[in-house]
Amino acid sequence: MFRTAHVHFNLRRRLYRLRSNLAPGIMHWSYPVPIMLEGWTNIYTVHDTIPLDRPDLSPIEPRRHRAVLNAIAEHGDRIITVSDDARASIVHALACRPDFVADAGQSVELSEDLSGDTLSGLPEGVLAGSYLLCVGSIEPRKNLSAILAAYQRSGVSMPLLIAGPDGWCAEPILAEIAQTAGAVRLPYQSRAALLHLIANARALIFPTLAEGFGLPVIEAMALGTPVLTSDRGALAEVAGNAALTVDPTDLAAMSAAFHRITTDDELALGLAQKGRIRAQAFSKARFVDRLAAIYDETLSNSLGVSNARRR
């Protein structure tokens, strides 16, 4: 169905319409797929507008992506996103009414059992609490080139472990990792192993260039790990005052932040405490409440009425 919808949109530039013999209700598409269920209230999750705002950081073709989002905005009943920063970007990019896009946040629920030891894959000589950690795909958006340069410039002795799959344009970044003393690319990590790595790191290093939400930030906070992240956009919003924030384009500032997060024990303890409190705002229960309220509001205000007709 997913593939058919995209082929249909490529050929006709229209949403692929489906019918159901069930009583109409909410159809929540959790990705901006060009499909709609006729007679139902169609809601779409759009995580960000990075392909439109920063096409240099995304492999998604911006013109086609904009056409899909425009069709969703015209014929859908609501767009849901994951941060207020993403909501503002979507409203601006699609020129839709502000109340057409709702911020539901995101749920961070760490149900895995972390009592066992899955840190056996650490490089020789690296101990719990004695390393910095980057997580995420290896791609330009994650700002790894600048992170590596700032790390090298800082002169900190803790190794910088990098865990994540190869992403878009990974090759030159992988070469930079290999050439940076103290930086170590880890092999594939299971979910449990990755959470152990986050939980036992001195700090999570996540000053990326663009995010719709930034899930690793809240995962680290929920696990009591200090976070160094960007001072702007969704990352600053999600982190609140519970992280050490820095300009992700300022190598000197990032280098100084590396030094602080590795040497200032009082700062690290304070960030860990604030982070645990901040993570509670993104619990599963709170997310369910936010999403249910959006569903109720959408049903009461726009059942069977498209965005285009409301305008």
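Biologist: I'm looking at strand β11 (residues 227-230). Which residue there stands opposite Phe-206?

Modeller: Phe-206 faces Thr-229 in β11. Strands here are DSSP runs of E with at least two residues, helices are runs of H or I with at least four, and both are numbered from the N terminus. Two strands count as paired if DSSP finds at least two bridges between them. β10 and β11 have 3 bridges and run parallel.

Biologist: Before we go on, what am I looking at?

Modeller: It's a predicted model: local features need pLDDT of at least 70, side-chain atom pairs count only at pLDDT 80 or more, and totals for chains, interfaces and linings use all residues. Residues are numbered from 1 along each chain as its sequence is written, and side-chain values use heavy atoms, with hydrogens and water left out.

Biologist: Back to β11, then. What is its partner for Leu-228 in β12?

Modeller: Leu-228 has Leu-244 as its bridge partner in β12. β11 and β12 (residues 244-246) are parallel too, joined over 3 bridges. To get from β11 to β12 the chain passes through helix α9 (residues 233-239), and this β-α-β crossover is right-handed. That label means that, with the strands pointing away from you, the path from the first strand over the helix to the second runs clockwise. β10, α8 and β11 also make a right-handed β-α-β unit.

Biologist: How do I read a whole sheet? In what order do the strands of the 4-stranded one come?

Modeller: List the strands by who sits beside whom. The order in this open sheet is β2-β4-β5-β6, with parallel pairing. β2 (26-29) and β6 are the edge strands, each pairing on one side only. On average, neighbouring strands of the sheet are turned by 25° against each other, direction ignored; the axes behind that angle are lines fitted to C-alpha atoms, for helices over the stretch in contact, and angles run from 0 to 180 degrees between N-to-C directions.

Biologist: And which strands does β5 pair with?

Modeller: β4 (residues 41-45) joins β5 through 3 bridges, with Tyr-44 opposite Ile-79. β5 also pairs with β6 (residues 101-103), again over 3 bridges, and there Ile-80 stands opposite Ala-102. The chain goes from β5 through helix α4 (residues 84-94) to β6 in a right-handed crossover.

Biologist: Where do the side chains of β5 point?

Modeller: In a regular strand, side chains alternate between the two faces of the sheet. In β5 (residues 78-81), Arg-78 and Ile-80 point one way, while Ile-79 and Thr-81 point the other, and all are buried. Buried means under 20% relative accessible area, exposed means over 50%, and partly exposed is in between (1.4 Å probe, protein chains only).

Biologist: Now charges. How many salt bridges are there?

Modeller: Side chains of opposite charge can pair when their charged atoms come close. The rule asks for a side-chain nitrogen of Lys or Arg within 4 Å of a carboxyl oxygen of Asp or Glu, and the count comes to 15.

Biologist: Which ones form a network?

Modeller: Glu-139, Arg-141, Lys-142 and Glu-211 do. Glu-139 meets Arg-141 at 3.9 Å, N to O, and both are buried. Arg-141 also bridges to Glu-211, with the closest N and O atoms 3.1 Å apart. That pair links distant parts of the chain, 70 residues apart: Arg-141 lies in the loop between β7 (132-135) and α5 (144-154), and Glu-211 in the loop between β10 (203-206) and α8 (215-222). Glu-211 is buried as well.

Biologist: Last one: which residues make the nonpolar patch of about 290 Å²?

Modeller: Phe-2, Tyr-31 and Ile-60 make it. Patch residues have over 30% relative accessible area and no salt bridge; like charges are joined within 9 Å, and nonpolar side chains (Val, Leu, Ile, Met, Phe, Trp, Tyr) within 5 Å. Areas come from the Shrake-Rupley method with a 1.4 Å probe, and for residues only the protein chains shown count as cover. Phe-2, in helix α1 (residues 2-12), is partly exposed at 46%.
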